[in-house]
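I opened my notebook to work through one protein model. My plan was to look up a few features and write down what I found.

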Amino acid sequence: MNILITGATGAIGQATALKFATEGHSLYLTCAHRKKELEDLIVYIRNNYGVKCYGSLCNLADEASVENLFNVMNDIDAVGDEDGFRPDGLIHNAGVSYVGLVHGMSLEEWNEVLNTNLTSAFLLARAIIPHLLVKKAGKLLFVSSVWGRVGASMEVAYSASKGGLDSFVRALARELAPSNIQVNAVAPGYVDTPMNDHLSDEEKLMIQNDIPVGKFATAIDTAGFISNVFAMDSYMTGQVLTYDGAWT
């Protein structure tokens with residue numbers, strides 16, 4: 001399959017890209033800012049897995065930027081492929097967080113979180129769905145969070161954006177099911193990535209002790225779970241599947 005993966009230079013995004021490369025999929029990778037890291041990842045995948053892999057920077061919260069992304073993918077010269085890159089599936093992993101009291105948050109900061117985590121899902125879905133409808137097939141998978149279900153103190157905007165994403169997935173799945181297009185989300189719990197580096201060692205130990213399986217997930221673990229959900233048949237749709245070691 002041709003798969004578009006967003007947030008590809010983040011810990012989970014990179015692990016996911018490598019996992020899907022091992023499975024032989026052709027990939028188009030995006031991130032917002034880390035151009036050199038993205039280019040290095042693309043070269044690494046091409047050289048080590050023998051699959052087609054392309055990529056570019058994209059501000060997923062911006063309508064024009066997302067439209068340009070799909071124009072670039074369909075541009076034969078831009079991707080160096082005679083057929084262009086027409087995605088059969090999407091793994092939307094890109095996201096940002098804000099840690100702090102909600103009454104100390106500016107509207108600009110609120111909008112950045114909501115637009116990056118939720119509006120981006122709408123913009124990507126709107127752009128890719130017409131391609132999938134032609135084939136009456138496709139897979140959309142969105143990376144959410146357990147905080148979208150239970151909420152997190154000091155991360156109100158992040159929790160709100162992920163809760164909205166969960167509802168978006170459930171509703172879109174019902175809309176696209178008659179066209180054999182699968183829509184699901186995975187909701188990781190605590191994953192040991194740089195996004196959680198704001199926590200102290202003591203705070204991390206408290207969380208670890210609260211997780212029944214007694215350990216954090218890794219980015220590689222989470223990528224494996226994403227791969228398993230993505231591979232499910234189309235009857236499994238409209239689901240937000242938690243991956244948190246029974247934490248929540």
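**Entry 1: salt bridges**

I looked up Arg126 and found a salt bridge with Glu63, with 2.7 Å between the closest N and O atoms. Arg126 sits in helix H5 and Glu63 in helix H3, so this pair ties together parts 63 residues apart in sequence. I noted that this is a predicted model. Arg126 has a relative accessibility of 38%, so I put it down as partly exposed. Glu63 has 41%, so Glu63 is partly exposed too.

How many salt bridges does a search of the whole structure find? I got four. I followed up two others.

Asp88 and Lys135 pair through their side chains, at 2.3 Å from N to O. Asp88 is in the loop between helix H4 (76-79) and S4, while Lys135 is in helix H5, so this bridge ties together parts that are 47 residues apart in sequence. Asp88 is partly exposed at 21% relative accessibility. That value is just worth a check, because buried means under 20%. Lys135 has 40% and is partly exposed.

Asp40 and Lys36 also meet in a salt bridge, at 2.8 Å from N to O. Where do these two lie relative to each other? Both are in helix H2, four residues apart, so about one helical turn separates them. I recalled the general rule: an α-helix has 3.6 residues a turn, so residues three or four places apart point the same way. Is Lys36 buried or exposed? At 54% relative accessibility, Lys36 counts as exposed. Asp40, at 39%, counts as partly exposed.

**Entry 2: helix H3**

I went back to H3, residues 63-73. I listed its buried residues: Ser65, Val66, Leu69, Phe70 and Met73. They cover an arc of only 140 degrees around the axis, which means that they are on the same side of H3. Then I looked at the N-terminal end. Asp62 caps H3 there, with a side-chain oxygen 3.4 Å from the backbone nitrogen of Ala64.

**Entry 3: helix H1**

I tested the length of H1, residues 11-22. At 1.5 Å a residue, its twelve residues should span 16 Å. The C-alpha atoms at its ends are 17 Å apart, which agrees.

Which residues of H1 are buried? I wrote down Ile12, Gly13, Ala15, Thr16, Ala17, Phe20 and Ala21. Then I asked what covers them. The cover includes strands S1 (2-5), S2 (26-31) and S4 (89-92). Helices H2 (35-49) and H9 (219-231) are also among the covering elements. Just after H1, Gly24 has a positive phi of about 90 degrees.

**Entry 4: positive phi elsewhere**

Most residues other than glycine have a negative phi. I therefore looked up residues that go against this general rule.

Lys136 has a positive phi near 55 degrees, and Lys136 is not a glycine. Its place is the loop between helix H5 (107-135) and strand S5 (138-143). Lys136 is partly exposed, at a relative accessible area of 48%.

Asn180 is another non-glycine residue with positive phi, near 60 degrees. I found Asn180 in the loop between helix H7 (156-176) and strand S6 (181-188). With a relative accessible area of 37%, Asn180 is partly exposed.

Methods:
Residues are numbered from 1 along each chain as its sequence is written. This is a predicted model: local features need pLDDT of at least 70, side-chain atom pairs count only at pLDDT 80 or more; totals for chains, interfaces and linings use all residues. Side-chain values use heavy atoms; hydrogens and water are left out. The expected span of a helix is 1.5 Å times one less than its number of residues. Buried means under 20% relative accessible area, exposed over 50%, partly exposed in between (1.4 Å probe, protein chains only). Contact means heavy atoms within 4.5 Å. The arc is that of the directions from the helix axis to the C-beta atoms. A polar contact is a pair of N or O atoms within 3.5 Å; within protein, one must be able to donate a hydrogen and the other to accept it, and residues adjacent in sequence count only if both atoms are side-chain atoms.
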